[in-house]
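Here is a short note for someone opening this structure for the first time. The points run from the whole chain down to single residues.

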Amino acid sequence: MKNNLLNVSDYRALAKKKLPRMIFDYLEGGAEDEKGLVYNQRVFERWGLVPQRLVDVSNRDITCKLFEQTWSAPFAIAPTGLNATLRPDGDLLLARAAAKENIPFMLSSAANMSIEDLARRCDGEKWFQLYIVHPELAEQMVKRALMAGYTTLVITIDIVVNGYRERDLRNQFRLPIHYRPAAILDGCLHPGWLLRFIRQDKPQLANFVTSESTSLAVQAALMNRQMDASFDAESLSRLRALWPHKLLIKGIIRPEDARRCVELGADGVILSNHGGRQLDTALSPMETLGETRRLVDAPVLIDSGFRRGADIIKALALGADMVLLGRAALYGLAVAGEQGVIDIIRLLKEDIDRTLAHLGAPTVSALGQAFVRQRCALAAYEKEAGLR
């Protein structure tokens, strides 16, 4: 980690300088007015941490257990698409960084590297995230992930129509990249990115360039989020029958939906509003995390907006088993490739460790509701106790 890059926001600012505007807008942008994007950052302010004292925290442990495996930190690399637009072999660099740091990595259906190619080139444990474009295609991809040795399947269910991402529409961002004069000029103004980009093969949706599905219409459907809007409980049950390993359902906000997914055979759920990229005014998953934890006796993971170790700690204290990092890891990728991702991971590990020390919690597993309180509830308590 460079001395002047002290937090995720510093990496974001440098990534913005290093990337052409169209590419950074794709990475950063949200749906419509981007109110959800902003709210995802601010929602953590609703909770304050409540430290306990007279506790020996000279030795701290930030490791996390999930699915009978111990990970070095309570966070994972979330599935993200089109990473080769940030760095050549972006998916591979993310996977290798995760493997070196012993945290889970999730390959997106919209990756620029295929299921099989990533499995051959990275030894770490790999999870595969599935978008439902077409039922037959979904089954093919599940079987491919199984044959390639992926250990966990993540089915994303919060994309049935395209999120209205106005930045991308204005920039005419799509694959293959459309070389308008403004885009060419912007690329030339970012020579480091441009040299890396032109030296690689043109990024494509590698998981959809197969002998079974070579149609450009399929690739267009994924880019335009023209997903299978008919996907329902019966559809989920069919995929569950095909997959013999761990299965997570991603894109849930309602606690009762989380419970139903577990009843249908999921091994856990991922609470998410898709980083503010789908339904602009959707609740943050942090707002339904506590209730979901009370309803669901299975692993509950969460994403959307995490930038600080303290925010990760808040989610864990409210009942999350693990947090997923999306944009945070991609800022590191854009800045310095694999090493940049490693830097982000280590920065957040240090942040979590330091927060545990301040909090008086020697381990991640010791966290619970006693360590966090809603600020409005705290104000009411103080008023009732005559402290205000």
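1. **Histidine 274.** Start here. At 11% relative accessibility, histidine 274 counts as buried (buried means under 20% relative accessible area, exposed over 50%, partly exposed in between, with a 1.4 Å probe and protein chains only). Histidine 274 sits in the loop between strand 9 and helix 13. Its phi is positive, about 60°, although the residue is not a glycine.

2. **What kind of model this is.** The model is predicted: local features need pLDDT of at least 70, side-chain atom pairs count only at pLDDT 80 or more, and totals for chains, interfaces and linings use all residues. Residues are numbered from 1 along each chain as its sequence is written, and side-chain values use heavy atoms, with hydrogens and water left out.

3. **Overall build.** The protein chain has 16 helices and 12 strands (DSSP runs numbered from the N terminus; helices are H or I with at least four residues, strands are E with at least two). A compact globule of 388 residues would have a radius of gyration near 21 Å, and the protein chain agrees, with 21 Å. That radius is taken over C-alpha atoms, and the globule rule is 2.2 Å times the number of residues to the power 0.38. Along the principal axes, the C-alpha atoms fill a box of roughly 65 × 50 × 40 Å.

4. Of the 388 residues, 56% count as buried. The chain exposes about 17400 Å², and carbon and sulfur atoms supply 51% of that area (Shrake-Rupley method, 1.4 Å probe; for residues, only the protein chains shown count as cover). Take contacts between residues at least 6 apart in sequence: 73% of them join residues at least 24 apart. Contact means heavy atoms within 4.5 Å.

5. **Charge.** There are 50 positive and 46 negative side chains in the protein chain. The centres of the two sets lie 5 Å apart. Lys and Arg count as positive and Asp and Glu as negative; His and the chain ends are not counted. Each charge is placed at NZ of Lys, CZ of Arg, CG of Asp or CD of Glu.

6. **Helix 1.** Which residues of helix 1 (residues 8–18) are buried? They are Val8, Tyr11 and Ala15. Seen down the axis of helix 1, these buried residues fall within an arc of 55°, so they line one face of the helix. The arc is that of the directions from the helix axis to the C-beta atoms. An α-helix has 3.6 residues a turn, so residues three or four places apart point the same way. The buried residues of helix 1 pack against helix 2 (21–28) and helix 15 (327–359).

7. **Glycine 332.** This residue belongs to helix 15. At 0% relative accessibility, glycine 332 counts as buried. Setting aside neighbours within four places in sequence, glycine 332 is in contact with Tyr11, Gly337, Gly340, Val341 and Ile344. Tyr11 is also one of the buried residues of helix 1.

8. **Helices 13 and 14.** Helix 13 (residues 286–295) has Met286, Thr288, Leu289, Gly290 and Thr292 as its buried residues. Their cover includes strand 1 (47–49), helix 12 (255–263), strand 9 (268–271), strand 10 (300–302) and helix 14. Helix 14 (residues 309–317) is itself mostly covered, with 8 of its 9 residues buried. Asp311 and Lys314 are among them. Just after helix 14, glycine 319 takes a positive phi of about 125°.

9. **Asparagine 207.** Where is asparagine 207? It lies in the loop between helix 9 (191–199) and helix 10 (216–223). At 0% relative accessibility, asparagine 207 counts as buried. Not counting residues up to four places away in sequence, its contacts include Ser109, Met113, Phe128 and Arg144. The C-alpha atoms of asparagine 207 and serine 109 are separated by 6.3 Å, though the two are 98 residues apart along the chain.

10. Leucine 82 lies between strand 4 (75–77) and helix 4 (90–101). Leucine 82 counts as buried, at 2% relative accessibility, and its phi is positive, near 60°. Threonine 151 lies between helix 6 (135–147) and strand 7 (152–156). At 29% relative accessibility, threonine 151 counts as partly exposed. Its contacts beyond four places in sequence include Trp127 and Trp243.
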